[in-house]
Amino acid sequence: MTIDIGKKIKKTDLCPSALLELQEKAYAIDIKKLQKKINSFEEISCPACNSKKSKNFFKKYSFNFKLCQKCKTIFMSPRPSQKIMDEYYSNSENYKFWAKYIFPKSEKIRKNEIHKLWIDRIITYVKKFKLKHKSLLEIGSGYGTFGNLVITSNFFSKYLGIEPTPELSDVCKERKLKIINKKVEDVFLEEKFDIVVSFEVIEHIFNPQKFVRKINSLLKKNGSVFLSCPNGKGFDIEILKEKSQSVDSEHVNLFNPESMKILLQKNNFEVLEIFTPGRLDAEIVRDEILKGFSMKDEFLKKVLVNEWDKLGWPFQKFLAENNLSSHMWVCAKKIK
């Protein structure tokens, strides 16, 4: 099935240039908080396949990232403990800034060019695989834009959101969404859902195995899950490694299509489809080249710099259509 990746967008559409410097300052405060606790970080095995065979791959902000020799997942190890992570997300200056300034400023384009596309994509897959869709649970409701679209879509009958960040949870509640302000691991519900969605969350999770098992427990029989996250084998990460914007202090798990499949299958899911509908890889690499990143490949220089206006977007669509983008989606069904 051909995936609709949507229209061309720019990074500044999602984080306006006027706010970028202030956002970076807020994020720098969060990084320093983490760096002060680095001696309390914990070593882990591969978060996808549990293999202990890995090698040091690169460092960013003094944090060490390893490459699993078995499934090629890139992951931070040692990483912040669960307690440190909980404190981080509860008191993040960066998330406060996004909630107060960036999300309100960019919501229109996010709604029209991203979240509506997500709704249409989910509906397409529900129809393709004949999935139940009466009730939907969102893990990581953020600013509430997607949740509002679910409610007004007339395709789903029930919505519940889980959002652990206080500032974002408050915004969702102000928008009249039913929201639980907890980590999903701490949520216990009597009801089950037909669909669970979680966008750009699993890469932040200390224990993805536990996270996926929790999702399984929240689904009805034959329920489905839609996840999105960075693809560690995507273009900008392959080229830039630690210089990629997809690699940061919060993205402690960088799965790839193969390792994501391993993770889900180990936890009683059947993977229906994995695809990479990203729209920013080429621009991310181009920006680094313009900042001085050494690009020796003349073909890529032609595409990303010399003939950017002509070739940039067609190249991005090529990456997306061939599972080479650094933005990954997965649709899977609970099997037990």
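Two strands count as paired if DSSP finds at least two bridges between them. Helices (H or I, at least four residues) and strands (E, at least two) are DSSP runs, numbered from the N terminus. The model is predicted, with local features requiring pLDDT of at least 70 and side-chain atom pairs counting only at pLDDT 80 or more, while totals for chains, interfaces and linings use all residues. Residues are numbered from 1 along each chain as its sequence is written, and side-chain values use heavy atoms, with hydrogens and water left out.

**Stop 1**

Select residues 54–60 and 63–68. These are strand 1 and strand 2, antiparallel to each other and joined by 6 bridges. Lys 59 stands opposite Asn 64 of strand 2. The hairpin they form has 2 residues between the strands, and Tyr 61 there has a positive phi near 55 degrees.

Stay on strand 2 and colour by accessibility, where buried means under 20% relative accessible area, exposed over 50%, and partly exposed in between (1.4 Å probe, protein chains only). Of its 6 residues, 6 are buried. Phe 63, Phe 65 and Leu 67 point one way, and Asn 64, Lys 66 and Cys 68 the other.

Lys 66 has Phe 75 as its bridge partner in strand 3. This second hairpin has 5 residues between its strands, and Lys 72 in the turn takes a positive phi of about 70 degrees.

**Stop 1: Val 252**

Is Val 252 buried or exposed? Val 252 counts as buried because its relative accessibility is 1%. Show its contacts (heavy atoms within 4.5 Å). Leaving aside neighbours within four places in sequence, they include Ile 74, Phe 75, Met 76, Glu 203 and His 204.

**Stop 3**

Next, select the open sheet of 7 strands in the order 6-5-4-7-8-11-10, whose pairing is mixed. Its edge strands are strand 6 (179–180) and strand 10 (269–275). Helix 4 (residues 93–129) packs on this sheet and touches strand 7, strand 8 (219–230), strand 10 and strand 11 (327–334).

Within the sheet, strand 4 (residues 135–139) and strand 7 (residues 193–199) run parallel, joined by 3 bridges. Leu 136 has Ile 195 as its bridge partner in strand 7.

**Stop 2: helix 4 and helix 5**

Finally, select helix 4 with helix 5 (residues 145–152): they pack at about 55 degrees, with axes 9 Å apart. Axes are lines fitted to C-alpha atoms, for helices over the stretch in contact, and angles run from 0 to 180 degrees between N-to-C directions. That angle makes helix 4 oblique to helix 5, since angles under 35 degrees count as roughly parallel, over 145 as roughly antiparallel, 65 to 115 as roughly perpendicular and the rest as oblique.

Show side chains at the contact. Among the residues meeting there are Trp 118, Ile 119 and Ile 122 in helix 4 and Phe 146 and Leu 149 in helix 5.
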